[in-house]
Amino acid sequence: MPLLEETTLPQEHPPTVPVVIIGNGPSGICLSYLLSGHKPYLDTATVHPNPILYRKLQETKHLSITEQDLEYLSEGLEGRSRNPVAVLFDTLLHPNADFGYEFPPVLQWRRDKKQHIPHLVLGRATPGGAWHAMEGSMLTISLGIWMELPGVNYRDLTNGKHRDVTSDRATPEEISSYYRNYVKLKGLQKNFVDNTYVTSVQKLCRGHEAEGLENRHSDQGDGGVGEGFEGDGVECLNNGGGGALWEVRGYQQVQNNTHVPFSLFAENVVLATGASDSPVRLGAEGEDLPFVFHSISDLGLAVSQRKLDMNSDPVLIVGAGLSAADAVLCACNSQIRVLHVFRKSVDDSDLIFKQLPKTLYPEYHKVYHMMCSQTYTNVAPSQAVSIASSVCAKMCPKPQLAAGNMAGNGSVSLFPDYTSFPEHCLVSFQSDMKCLLQGNNSLKAFKISMALVLIGTNPNLFFLKGQGQYLGQDPTKPISCTQNPIDIHPYTFECTKEPGLFAMGPLVGDNFVRFLKGGALGIASCLLKRLKKKGTLISNGGNNFI
């Protein structure tokens, strides 16, 4: 669905939208479904295994979950999300999933067209978000059924594929296809605007004159406070219900790579951009050299183009998370030698591998086993490489297996040309394809073929004031999905520092699709209750934004 061209809009009155969702991944898709009038009710033919929660649900079974007190329903629940509504919605959709059970949902969905809230979902590609760009041969960390959205069974759209009796994980290609089809099956296409890039989101205030609007460019993109916007000591415009209006600017990429600018007013803005925009950097010397990469797809490309093989110098992989583990698996499966560097001890309780059941994730436990057993042990001083000597080990040192290692264990097939460097850090990359590692009070240098720095990603909120840093739990630090998520109200997902601005998914710490759906429940519940309270979300303009 194309947006109106900015040049065709009356500059003083751009179209006003009740809700603009920035991001069309699973977060945005799920929220669009709930805002389209789909409401969850207790399925009276089911029984939830949690007797306390089940009793609460029965008390108001005539009401949809979005109309109920989410704080009351969430009380006492525990799960693998810091957000209580995420835990609540997960246990309603997947009861006792953490105990290995696959109970049916205790919800049934009903459509109430009167409860539809007009909204737009703006995304840079087709619905599905970052899933379209992920490596197609890998398996998701979550089970396929945990990736599904309300109302459409994942297995129904994937022909009930099962890889084995213990694992029903999916490939990114299957998941991205599921999300695209979900939008079509649920008739949500009219809410989605593809190939759309948001460059500015600002609170609109009364000092904002028409000529100021004309003079501001859609490619401003710095999120700074402009003339007539909050921060100039002027009163913010509101929608007639007491809330401020937001101005959303950007462009839509159409045929022939043409950029069509747009401008919208929104009563509410939802940040659902995910966390894959900007890879975290080491800040090490030489990190910008052409053989240093920050995406596993670059390794896959090098392998497919036969730039790497078993005779190549080792690939250096930096990081101890699942992306790094995926890179290790990719390299090992292609018979490419690996140097694996990470700062943590292999016994660190925060390592993600310690949270994954072995039966469901055997490949990740294989990597973790190699991380523990195939470590680079201390070598003789004559073998150590110092900065001064510039002597470099071209070949990857053969791993010395730790005492007691069951190398011959048939249940784990280890890759011999893999060496881990726990409690090491990367000092620098050199232009002659060498890397310098620091660990155990010594420096080690190695010749490598390429380096992959896979230590996480951060969201890129450049379109917000100060890149949105002031929204974080610690406003003195950049937004980080793991270290400094956006500070929200726990039951509405509204930003504590900006009424009318909401955040969900990885931006608030919910990195798994299984839990980000709770953000959709919290936001939809909040907006529907406000709609009921004041009778309408939008004061004038109707649906003229479409």
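A salt bridge here is a side-chain nitrogen of Lys or Arg within 4 Å of a carboxyl oxygen of Asp or Glu. Keep that handy for the tour. You're looking at a predicted model, where local features need pLDDT of at least 70 and side-chain atom pairs count only at pLDDT 80 or more, while totals for chains, interfaces and linings use all residues. Residues are numbered from 1 along each chain as its sequence is written, and side-chain values use heavy atoms, with hydrogens and water left out.

**The whole chain**

Start with a cartoon view. The protein chain has eleven helices and 19 strands; helices (H or I, at least four residues) and strands (E, at least two) are DSSP runs numbered from the N terminus. Of its 546 residues, 51% are buried. Buried means under 20% relative accessible area, exposed means over 50%, and partly exposed is in between (1.4 Å probe, protein chains only). Now for contacts, meaning heavy atoms within 4.5 Å: among those in the protein chain with a separation of 6 or more, 71% are between residues 24 or more positions apart.

**Stop one: helix α1**

Select residues 26–35. Ten of the ten residues in α1 are buried, so the helix is largely enclosed by the rest of the structure. Among them are I29, C30, L31, Y33 and L34. After α1 comes G37, with a positive phi near 95°.

**Stop two: D43**

Next, pick D43 in the loop between β2 (38–42) and α2 (51–59).

**Stop three: salt bridges**

Side chains of opposite charge can pair when their charged atoms come close. The count here is eleven salt bridges.

Select K203 and E498, whose closest N and O atoms are 2.6 Å apart in a salt bridge. K203 sits in strand β6 (residues 196–204) and E498 in the loop between β18 (457–458) and β19 (501–503), so this pair ties together parts 295 residues apart in sequence. K203 counts as buried at 11% relative accessibility, and E498 is buried too, at 3%.

Now jump to K447 and D313, which form a salt bridge at 3.6 Å, N to O. K447 is in strand β16 (residues 442–447) and D313 in the loop between α8 (296–304) and β11 (315–318), a link between parts of the chain 134 residues apart. K447 is partly exposed at 23% relative accessible area, whereas D313 is buried at 13%.

K434 is partly exposed at 21%, and D432 is partly exposed at 36%.

**Last stop: α4 against α11**

Finish by colouring α4 (residues 84–93) and α11 (residues 513–534), which pack at about 110° with their axes 7 Å apart. Axes are lines fitted to C-alpha atoms, for helices over the stretch in contact, and angles run from 0 to 180 degrees between N-to-C directions. That angle makes α4 roughly perpendicular to α11, a label covering 65 to 115 degrees (under 35 is roughly parallel, over 145 roughly antiparallel, the rest oblique).

Which residues of α4 make the contact? Show V85, A86, F89, D90 and L93, facing R514, F515, K517, G518, L521 and G522 of α11.
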